[in-house]
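This report goes through one protein model, from a single side chain to the whole chain. The sequence and the model come first.

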Amino acid sequence: MSANVPFSIGNWLSSQVNATVLNDRNRCDNFWDIPFDRNKWAGMLAMQNHFSVGSDLGFDLDAMYRSSMISGISDTKPVFTVNVGAQWNFLNDKASLSLNCSDLFDTMRMKVRNRYAGQHIDLNMGQYSRTVSVKFVYRFGGSINKEKKEVDASRFGH
């Protein structure tokens, strides 16, 4: 089950909340002599926010949480992330400068734990998932509008 709830406050905040609940089932009758049939309720919650400060400056704040889930005979730990960004448009919207940081708190590190049928495995993904990027865009000239051709519908008797 999923739900998406968009909302806004005036012209300065545009947001949406996404929620998903699922029953995750993993089954294998012939897995290295360890058959399994496991299921678990899990959920994901995400929120995207865009804050407008005038017509030239905007900020984004996004967050996501995913509960623990199953992966075969293993369990994954919950993860969450927060992303932030800013964009400034200038020179009559011909130029823009953006700064973004994904996984601000470096919390999207997957952790897997297995305690099933004599198997004992812990896996901690140690890679960094945080990124910081700066982007500059300049738009030369204007866009050219091409004329759209009408679709030939004569073969349909029109």
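In this predicted model, a polar atom of the asparagine 26 side chain lies 2.6 Å from the backbone nitrogen of glycine 72. The side chain of asparagine 26 also makes a polar contact of 3.3 Å with the side chain of aspartate 24. The two distances are set out below.

| Atom or group of asparagine 26 | Partner | Distance |
|---|---|---|
| Side chain | Aspartate 24, side chain | 3.3 Å |

Asparagine 26 belongs to strand S2, which covers residues 13-28. Is asparagine 26 buried or exposed? Its relative accessibility is 18%, and the cut-off for buried is under 20%, so asparagine 26 counts as buried. Leaving aside residues up to four places away in sequence, asparagine 26 touches Phe36, Asp37 and Arg38, and also Ile70, Ser71 and Gly72.

The next topic is the sheet. Seven strands make up an open sheet with antiparallel pairing, and their order is S1-S2-S3-S4-S7-S8-S11. Which strands stand at the edges? They are strand S1 (2-9) and strand S11 (131-138); each has a single partner strand, so one side of each is left without a neighbour in the sheet. From one strand to the next, the twist averages 10 degrees.

Within this sheet, strand S3 (residues 36-53) and strand S4 (residues 57-66) run antiparallel and are joined by ten bridges. Leucine 45 has tyrosine 65, in S4, as its bridge partner.

For the protein as a whole, the secondary structure consists of eleven strands and zero helices. Read from the N terminus, the elements are β-β-β-β-β-β-β-β-β-β-β.

How does the radius of gyration compare with that of a compact globule? The protein has 24 Å, whereas a compact globule of 158 residues would have a value near 15 Å. Along the principal axes, the C-alpha atoms fill a box of roughly 65 × 55 × 30 Å.

The protein exposes about 11800 Å², of which carbon and sulfur atoms supply 58%. Among contacts with a separation of 6 or more, 47% are between residues 24 or more positions apart.

Note on methods: Residues are numbered from 1 along each chain as its sequence is written. This is a predicted model: local features need pLDDT of at least 70, side-chain atom pairs count only at pLDDT 80 or more; totals for chains, interfaces and linings use all residues. Side-chain values use heavy atoms; hydrogens and water are left out. Two strands pair if DSSP finds at least two bridges between them. Helices (H or I, at least four residues) and strands (E, at least two) are DSSP runs, numbered from the N terminus. Axes are lines fitted to C-alpha atoms, for helices over the stretch in contact, and angles run from 0 to 180 degrees between N-to-C directions. The radius of gyration is taken over C-alpha atoms; the globule rule is 2.2 Å times the number of residues to the power 0.38. Contact means heavy atoms within 4.5 Å. Accessible areas come from the Shrake-Rupley method with a 1.4 Å probe; for residues, only the protein chains shown count as cover. Buried means under 20% relative accessible area, exposed over 50%, partly exposed in between (1.4 Å probe, protein chains only). A polar contact is a pair of N or O atoms within 3.5 Å; within protein, one must be able to donate a hydrogen and the other to accept it, and residues adjacent in sequence count only if both atoms are side-chain atoms.
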